[in-house]
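Here's a quick tour of one model, in two stops. Have the structure open as you read.

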Amino acid sequence: MPIAKVNGVETEFEPGMTVLQVAERAGAEIPRFCYHERLSIAGNCRMCLVEVKPGPPKPQASCALPAAEGQEIFTDTAMVKKAREGVMEFLLINHPLDCPICDQGGECDLQDQAMGYGRDGSRYAENKRAVEEKNMGPTVKTFMTRCIQCTRCVRFVTEVAGVPDIGMISRGEDAEITTYLEKAVDSELSGNVNDLCPVGALTHRPWQFHYRPWELKRTETIDVMDALGSNISAQAKGAEVMRILPRVNEGINEEWLSDKSRYIVDGLQKRRLDRPYVRDNGRLRAASWDEALGVVAARLTQSQPDRIGVIAGDLQDAESMKATLDLFRALGSANTDCRQDGSALGVGPREGWLFNSGIAGIEQADVILLVGVNPRTEAPLLNARLRKAWLSGKTEILVIGEQADLTYEYSYLGAGSKTLSKLPKPAADLLAKAERPAIIVGGGAISGEAGPSVLNALGALAKKVGVIAEGWNGFNVLHTAASRVAGLDMGFVPADGGLSAVQMVQTGALDVLFLLGADEIDASASDAFKVYLGSHGDNGAHGADVILPGAAYTEKAGLYVNTEGRVQMAERVVFPKGEAKDDWAIVRALSERVGRTLPYDSLDQLRTRLMADHPTFGRIDYLAPAQAFDVASLGKKGDLGDTGFVSAVPDPYLNNPIARASATMAELSALRIAPVAMAAE
Amino acid sequence: MSVRRLAKIQPDSFAFSKETRAKCDWWIAKYPADRRQSAVIPILWLVQKQEGWCPEPALRAIAELLGMPYIRVLEVVTFYTMFMLEPVGSAALIQVCGTTPCMLRGSGDLMKVCKSKIGPKDTLSADGRFTWQEVECLGACVNAPMAQINDYYFEDLTAETMGQIIDDFAAGKRPEPGSYAGRHTSEPMGGALTLTDAALYDGSAAKPIKTLPNSEPAKVPA
């Protein structure tokens with residue numbers, strides 16, 4: 001490897017690295033505004049000036065200068081300091097000094113770097129330039145006077161999000177960042193531009209003026225809005241989660257976060273269940289825990305074991321599902337299911353319901369077949385990965401299902417099962433020739449009656465084209481629910497002779513139906529006595545006879561298994577609302593009342609038990625390497641019929657109880673349905 | 001220069017005329033198919049030629065023609081000041097050069113005439129037939145002061161000739177472009193002083209070329 005000297009210290013670097021990267025590697029910190037590791041290089045802020053020998057006797061922008069063998073780089077000479085002070089002075093000519101009322105204050109790159117390179121006074125007496133605010137949609141609040149034209153936002157939406165809506169118009173002193181005719185940014189990753197903005201020009205609209213960053217208590221936890229399990233830092237002031245920011249996890253979300261995961265926070269405050277309720281004469285009335293648990297226990301013990309059942313919801317932690325599963329098995333019930341969508345997964349080897357290539361690993365695939373899945377709505381960050389793979393030029397993408405705008409080009413094969421049963425020849429050849437082919441199947445293809453046969457056909461196709469090979473497993477299931485893989489891993493499916501979720505909600509199927517945070521299944525036809533344990537007054541609670549208030553995902557510690565099969569530990573950020581309790585503790589209390597006390601008194605004991613019963617849960621943050629399995633054995637051979645595959649998530653902003661309680665999500669959803677007219681106004 | 005914005009009042013639609021479209025295709029054909037957005041500036045010129053200015057629906061039409069995002073066309077059209085974002089005079093768009101040489105030679109007087117005959121700068125006249133602007137150097141300093149009117153340079157102007165030209169345009173005439181001081185292009189006043197020998201131009205001074213300059217390898221000194 002070539003070697004350069006940074007401030008006199010010899011540093012090895014890889015060919016192609018820039019001077020800035022080499023300096024960073026040597027531990028020299030370089031201030032910057034426009035440069036960002038994951039975006040293309042713009043070189044327009046000039047803050048990263050360094051002195052380089054050999055070279056012209058003037059400071060050079062290190063972010064755009066390729067490093068060379070034998071180069072001498074100086075980052076802390078008097079010349080460098082003076083040059084950076086000059087740049088800073090120019091930046092501050094037009095930047096307003098409104099830090100006390102700026103949302104970015106306290107975590108602002110310009111503020112921080114002005115501490116290092118700012119002069120103590122201004123030599124500029126003229127008026128500062130003023131720029132009109134721009135409308136960029138419900139997630140982005142603009143104060144364009146503060147903009148320093150780094151163009152990070154432009155590059156992000158163009159390169160990563162694949163929605164080239166933002167641009168820089170005019171030039172020189174009049175340059176402005178805007179969208180075309182101030183249309184909202186049509187991206188599900190738009191919130192990231194607020195993170196990227198080094199100043200307070202783009203800030204988070206849903207949280208504007210809600211907090212100062214230094215007031216917040218930060219907790220590192222896991223997102224549950226999709227099945228990727230993005231790593232987040234949930235930040236709370238008092239008893240309220242104020243904001244959610246991404247944490248870096250190269251394997252999952254890199255450093256991005258989808259708008260849904262980010263701006264869900266107001267949903268955590270609204271329509272909350274904060275005390276138990278019992279239905280009396282058709283009306284729900286507030287009750288004590290003692291009374292509510294007593295009613296449920298009486299019903300459970302009075303009913304026949306085969307007349308009680310439980311459905312687990314999409315946002316449940318593994319512990320509460322384990323406790324509930326243990327309780328119902330102890331009661332002798334076989335009616336347990338975590339698949340509200342009625343999917344065919346859950347039998348056979350574990351690899352049959354995992355995203356086996358891994359979220360990062362999918363970039364290695366050379367041909368990807370999407371079946372009944374719209375990754376842009378179901379898992380926006382996976383879609384960003386697919387776009388990245390497509391941009392590299394080494395990956396071809398084929399689609400069976402809906403013809404949606406996925407932000408990259410793909411070959412459209414057909415609408416549904418008919419195409420799958422007889423793949424067009426060019427596509428089949430492409431898959432067969434591929435070195436690392438991958439199939440991504442979504443809930444839209446494998447739920448419903450034809451689910452098992454579609455799954456079987458996919459398995460056969462996977463086997464035929466060699467989706468599973470030495471060191472490569474490209475059979476990928478993209479779940480839409482954060483709880484699903486954990487549920488399937490622990491066997492939260494009907495036992496022998498048990499009813500599935502879809503069967504349980506039929507009229508007359510059960511006497512007692514326990515909904516563990518299950519809001520996405522329509523249980524209105526069921527005439528059973530319904531118990532709802534959950535955090536929000538949503539679909540599940542509306543029809544319930546007893547409501548047991550539980551904790552939302554930011555209010556309990558829990559394990560979640562993402563679609564790759566990676567177990568991650570979420571932490572409690574704030575306490576549950578009012579009288580609400582941790583979900584597992586409610587189930588544990590209930591078990592005592594029905595006389596089947598569960599053998600754990602603390603979360604630790606419950607986890608120990610879970611890990612003992614299902615060892616995969618014991619490997620936190622671990623992604624298993626590609627493992628071969630008999631993919632052709634999945635599902636059941638049968639007639640595929642002729643159905644079109646529709647994405648399992650028609651509207652990502654309204655597909656769980658927290659999202660439905662959020663005003664921001666409602667706004668985003670409205671924008672999806674009726675995009676603002678583009679005509680000149 | 002001030003902030004450039006799209007006009008408030010915009011037409012409902014835009015369509016390429018047959019000729020414009022044919023010329024667009026000629027430009028597009030110059031670039032590889034996946035790089036056809038390179039033709040954006042020539043096509044903006046063509047649209048401006050067709051409409052007199054660049055209306056917003058045209059920007060979208062161009063973006064769709066070239067397979068590029070709308071915002072990218074907006075970036076280009078707002079960057080270059082030669083693209084008119086508002087309707088301009090149907091008879092004449094007068095661009096008076098205001099840069100130093102022209103200013104020293106009296107461009108201020110030209111602007112005064114424009115102001116009195118047409119109205120305020122950068123504004124369409126009341127009858128919709130004239131617009132005048134002050135622009136930066138147009139590169140004809142030797143003929144200062146000058147103005148570009150529509151596609152042509154009018155040079156060596158005075159307040160009187162400027163007024164006459166505006167009146168001519170108003171009357172529907174097409175005044176001659178070029179110098180108004182009675183000289184040919186930028187020759188000295190009163191005619192050329194050098195290169196006047198007629199033999200330079202009848203071929204008699206020409207000699208056959210024996211070798212092309214620099215066609216031999218350089219001789220390396222021993």
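## A cysteine cluster in chain B

Let's start with Cys102(B), which lies in helix H5 (residues 100-104) of chain B; helices here are DSSP runs of H or I with at least four residues, strands are E runs of at least two, and both are numbered from the N terminus. This is a predicted model, where local features need pLDDT of at least 70, side-chain atom pairs count only at pLDDT 80 or more, and totals for chains, interfaces and linings use all residues. Residues are numbered from 1 along each chain as its sequence is written, chains are lettered from A and ligands numbered from 1 in the order written, and side-chain values use heavy atoms, leaving out hydrogens and water.

Cys102(B) counts as buried because its relative accessibility is 3% (buried means under 20% relative accessible area, exposed over 50%, partly exposed in between, with a 1.4 Å probe and protein chains only). Setting aside neighbours within four places in sequence, Cys102(B) touches Cys97(B), Ser107(B), Ala144(B), Pro145(B) and Met146(B), contact meaning heavy atoms within 4.5 Å. Cys97(B) sits in strand S1 (residues 92-97) of chain B and is buried too, at 2%.

An unreviewed UniProt entry annotates Cys97(B), Cys102(B), Cys137(B) and Cys141(B) as "binding site". They're spread over 45 residues of sequence yet cluster in space, with a largest C-alpha distance of 9.2 Å.

## A helix pair in chain A

Over in chain A, helix H7 (residues 289-302) packs with helix H18 (residues 583-593). Residues making the contact include Trp289(A) and Leu293(A) of H7(A) and Ile586(A) and Arg593(A) of H18(A).

Technical notes. Axes are lines fitted to C-alpha atoms, for helices over the stretch in contact, and angles run from 0 to 180 degrees between N-to-C directions. UniProt positions are given in the numbering used here, feature names are shortened, and annotations may be inferred rather than shown by experiment.
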